[in-house]
Amino acid sequence: MEIKSDLADIPDTLLRPDLVECRALDKDRPMRDSKTFGLIARGGLVCYALVHLLVAWLAAQVALGDQAKADKAGALQMVVAEGGAWLLWLIAAGLAVLALWQLGEAITGHRHVKARRRVVRRTVSGIEVVLYGLVSYSAVKIAVAGADDGQGSLVAEILAESYGQVLVTVAGIGVVAVAVFLAQRGIRKTFVRELDFGGASGAARTTTIRLGQIGWIALAAAYGTVGVLTVIAAVTFDPAKASGLDAALKTLAAQPYGGPMLLSLAAGIAAFGAFALLDARFRKI
């Protein structure tokens with residue numbers, strides 16, 4: 001009597017679920033197979049962290065009375081002034097890779113999550129494209145032009161146009177909306193979904209999450225101030241009030257108890273920089 005196994009009728013993929021998982025993973029994130037890409041992306045995150053640590057240091061200097069520029073461009077100008085043009089090119093390249101990676105995620109990524117959450121995750125990736133892309137662009141511009149790029153205010157140029165007031169107002173409101181989004185990202189700890197703590201100690205996990213919460217909220221406060229000043233500049237036709245993060249920090253410093261508030265904000269931005277370093281270690285790539 002011949003015994004026939006029922007296993008013959010079962011597809012091999014069902015007997016080896018790891019094949020199904022790998023195929024889906026590769027389809028969703030083909031870049032994961034590239035160790036070189038992973039190293040470059042993590043290096044870009046380290047560069048992003050260093051930029052924010054420099055911004056935090058400059059913001060602390062503004063709080064203590066130094067009027068040096070304290071935005072991301074000012075931090076990058078400080079690097080090139082110290083003969084670090086090569087570092088700016090490295091920062092620009094690393095962040096450009098991050099921007100391209102997140103652009104791919106924003107367009108076709110996150111297919112392993114539900115459709116509703118996928119929209120949110122792709123929106124987050126889209127915002128990161130802008131954040132990484134702007135810093136990368138600034139690094140290239142300053143590396144080419146030197147420590148003093150000598151360019152006027154972009155807001156002033158836009159306000160000079162007939163459509164300028166409306167466009168600057170919309171841009172300011174958009175920045176405020178991004179700030180609100182960043183704040184809820186810190187409060188709700190949604191950034192944790194992008195991290196892989198496999199093999200990490202409990203202390204490392206807790207530290208990363210706490211720094212992320214503080215950092216994202218501090219970053220939201222900084223961008224929110226920029227957005228509000230941008231709207232004010234559009235309403236009053238005063239472009240000097242919307243010169244970026246530098247003007248926002250100096251505006252805070254000029255307020256009653258502005259010094260302590262700005263020092264607290266500098267500490268928060270430094271916390272974000274520290275979080276970004278840990279993000280480079282634990283980010284899912």
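Where does Glu194 lie? In this predicted model, Glu194 is found in the loop that runs between H8 and helix H9 (202-236).

The protein contains 11 helices and zero strands, so the pattern read along the sequence is simply α-α-α-α-α-α-α-α-α-α-α. Of its 285 residues, 40% count as buried.

In soluble globular proteins, nonpolar side chains tend to be buried together. Here, the largest nonpolar core has 47 residues, and those touching the most other members are Tyr48, Ile91, Leu95, Leu98, Tyr132 and Trp216. At least two residues of this core come from each of helix H3 (35-63), helix H5 (85-108), H6, H8, H9 and helix H11 (258-282). H3 provides the largest share, with 10 residues.

The buried residues of H5 are Leu88, Ile91, Ala92, Gly94, Leu95, Leu98, Ala99, Trp101, Gln102 and Glu105. An α-helix has 3.6 residues a turn, so residues three or four places apart point the same way. Such spacing can be picked out in the buried set of H5, which includes Ile91, Leu95, Leu98 and Gln102. After H5 comes His110, with a positive phi near 60 degrees.

H8 also has 24 residues, and its first and last C-alpha atoms are 35 Å apart, close to the expected 34 Å at 1.5 Å a residue. Its buried residues are Gly164, Val168, Gly172, Ala179, Phe181, Leu182, Ala183, Arg185 and Gly186. Just beyond the helix, Lys189 adopts a positive phi of about 60 degrees.

The end of the tour is the second largest pocket, with a volume of about 210 Å³. Its lining consists of Arg116, Arg117, Val120, Arg121, Val124, Phe181, Gln184, Arg185, Arg188, Thr190, Arg193 and Glu194. By class, this lining comprises three nonpolar, two polar and seven charged residues. Helix H6 (115-145) and helix H8 (164-187) each contribute at least two lining residues, and the largest share, five residues, belongs to H6.

Glu194 is counted as buried because its relative accessibility is 12%, under the 20% cut-off. Not counting residues up to four places away in sequence, Glu194 touches Val124, Glu128, Arg185, Phe282, Arg283 and Lys284. Among these partners, Val124 and Arg185 also line the pocket. Arg188, which is located in the loop between H8 and H9 as well, is exposed because its relative accessible area is 58%, over the 50% cut-off. The C-alpha atoms of Arg188 and Gln213 lie 8.2 Å apart in space, although the two residues are 25 residues apart in sequence.

Methods: Residues are numbered from 1 along each chain as its sequence is written. This is a predicted model: local features need pLDDT of at least 70, side-chain atom pairs count only at pLDDT 80 or more; totals for chains, interfaces and linings use all residues. Side-chain values use heavy atoms; hydrogens and water are left out. On a 1 Å grid over the protein atoms alone, a cavity is a set of points where a 1.4 Å probe fits but cannot get out, and a pocket is an open set with protein on both sides within 12 Å along at least five of seven lines; lining residues have an atom within 4 Å of a point. Grid points are joined across faces, edges and corners, and a volume is the space filled by probe spheres set on the points. Helices (H or I, at least four residues) and strands (E, at least two) are DSSP runs, numbered from the N terminus. Ala, Val, Leu, Ile, Met, Phe, Trp, Tyr, Cys and Pro count as nonpolar, Asp, Glu, Lys and Arg as charged, and the others, Gly among them, as polar. Buried means under 20% relative accessible area, exposed over 50%, partly exposed in between (1.4 Å probe, protein chains only). Contact means heavy atoms within 4.5 Å. The expected span of a helix is 1.5 Å times one less than its number of residues. A nonpolar core is a set of buried Ala, Val, Leu, Ile, Met, Phe, Trp, Tyr and Cys residues joined through side-chain atoms within 4.5 Å.
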